[in-house]
Amino acid sequence: MDNDLRVSKPRLPKAYTDEQLVFLRSHISGFETRTRGHVRGDAKKFALERANDFLARFGLPEELQGIEDAEPRFREQIYNWYKNTVGRARRKLEGRTRPKKTASHDHAPLNTQTLHPASATPSIGENGLTWGPAVTTPPTVQYTAQNETTAQNAEASSQIPPAQSAGQMQFSFQSNVPVASSSTIALNVTPAALRDAFLTHGIDTATLSSLIQSYVLSHPSPTPLDTVVSSLFEAISSLLSAPSSSRTVSFTDLISNVVRRFLDACSYFPSSLLHAGVSGPLAGPRALQMALRKSSVWSPLSSSSGHASLADEMERIAADRQRRKDHIQWAQIHAAALELGMLSFRPNTSEIGYAVPSSQTFSEMMARDAVWEADEVEWVAGIIVFRALIRTGSANRKVEYEQLLATYERRWKEIKDEARQALVTEVLLGAREDLAHLGETRVP
């Protein structure tokens, strides 16, 4: 009886650590891609392989240890987790969200409204917020072409984000002002609010996408996601500047997690959302790729003239130091996006009139050229991107990668800044280990 599956059926743990969530979510896009493929069972095979990786990295959860056939059951439950997660995302994208169970008054007789008219009692909207008696639920507004965006759109741009509690939204966006409705937030989305939304785990990616779309709708331009990418950069900056004692995961995982949130939010973009001629979910990766291209070019500040004051010189030095930090951070975002497969898209070239090079070509050019530049900050940025190339590369490039890595190792000895040298030391050691296992099945 103890081994009866109907009696003892372990369930997936209800809570994960941040590191485990980063691992699971980093493979959602891979699972979804396979669900749309033509190979039967490919998605399940992918999920079971990720379950093996999970077990190898984190071990079997304590509540499942000692139970017969625990590992096969756990692998099946990991598959169900991916299947349910992707299913929910698709339902939201297609507007097929399942109706939630409401209070017992849903089953009351039809004449209940005569006893409790809507004009006298606040109602609960679909987004989980309480609406006052004089407030009606704003409609969801579809996007129009850029040349049709008028003041009328600004009045009706209240696309309601999916369910969030009022407390979470109040804390994240207007901590000192009571939040009347999610539509009010959508009409007042600012770059600072977007930055906070990237960092607030209580805001799911569907809600984050709605906020991004609301901002884009009220700020039309040929490249409306530029500000969103800047907010993504600022969010990562605030994470990296936090005290090390408050972090539970590495810099790499922190950056990857935030970039992953942006990638997942992009999956909800409608086809009417355009950035540089690319529409729909690919608009986000396109915006990030353009930002990475511009940030990959380093241009030092010109030296001050002999007549500059001491204050001006100190300000110039501080600005130069910050620009160097930003250049390295963009390289870290570049590496995270490359590993997440975010830069490997190929837009419809007929829409934009020219062929866009693959991310592998762009990233390799940057990594190969940076090591020969004069400024050490370019060497640091180059080795960060180069390690991501190794981690996503194929075994037939191993000899080629070894030669370039040896060149970076020689550059390491020439780095004068201690903090940058320490960072490069860590990256070089990781790259050497990754290169040794290139072509093998590894745990991400």
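Predicted model: local features only at pLDDT ≥ 70, side-chain atom pairs only at ≥ 80, totals over all residues.
**Overall make-up**

The protein contains 19 helices and four strands. Of its 444 residues, 41% are buried. Among contacts between residues at least 6 apart in sequence, 70% join residues at least 24 apart.

**Packing of α14 and α17**

Two packed helices are described by the angle between their axes and the distance between the axes. For helix α14 (residues 310-339) and helix α17 (residues 376-392), the axes come within 9 Å and cross at roughly 5°. Because angles under 35 degrees count as roughly parallel, α14 is roughly parallel to α17. On the α14 side, residues in the contact include Arg324, His327, Ile328, Ala331 and Leu338; on the α17 side, they include Val377, Val380, Ile384, Leu389 and Arg391. By class, the contact of α14 with α17 comprises the following residues.

| Class in the α14 and α17 contact | Residues |
|---|---|
| Nonpolar | eleven residues |
| Polar | four residues |

**Two sides of α18**

Helix α18 (residues 398-412) has 15 residues, which at 1.5 Å a residue should span 21 Å; its end C-alpha atoms are 21 Å apart, in agreement with that expectation. Which residues of α18 are buried? They are Tyr401, Leu404, Leu405, Thr407, Tyr408 and Arg411. An α-helix has 3.6 residues a turn, so residues three or four places apart point the same way. The face of α18 turned away from the buried side carries the exposed residues Val399, Gln403 and Arg410.

Definitions and conventions:
Residues numbered from 1 in each chain as written. Heavy atoms only, no water. Axes fitted to C-alpha atoms, helices over the stretch in contact; angles between N-to-C directions. Parallel < 35°, antiparallel > 145°, perpendicular 65-115°, else oblique. Contact = heavy atoms within 4.5 Å. Nonpolar A, V, L, I, M, F, W, Y, C, P; charged D, E, K, R; others polar. Expected span 1.5 Å × (residues − 1). Buried < 20%, exposed > 50% of the residue type's maximum accessible area, 1.4 Å probe, protein only.
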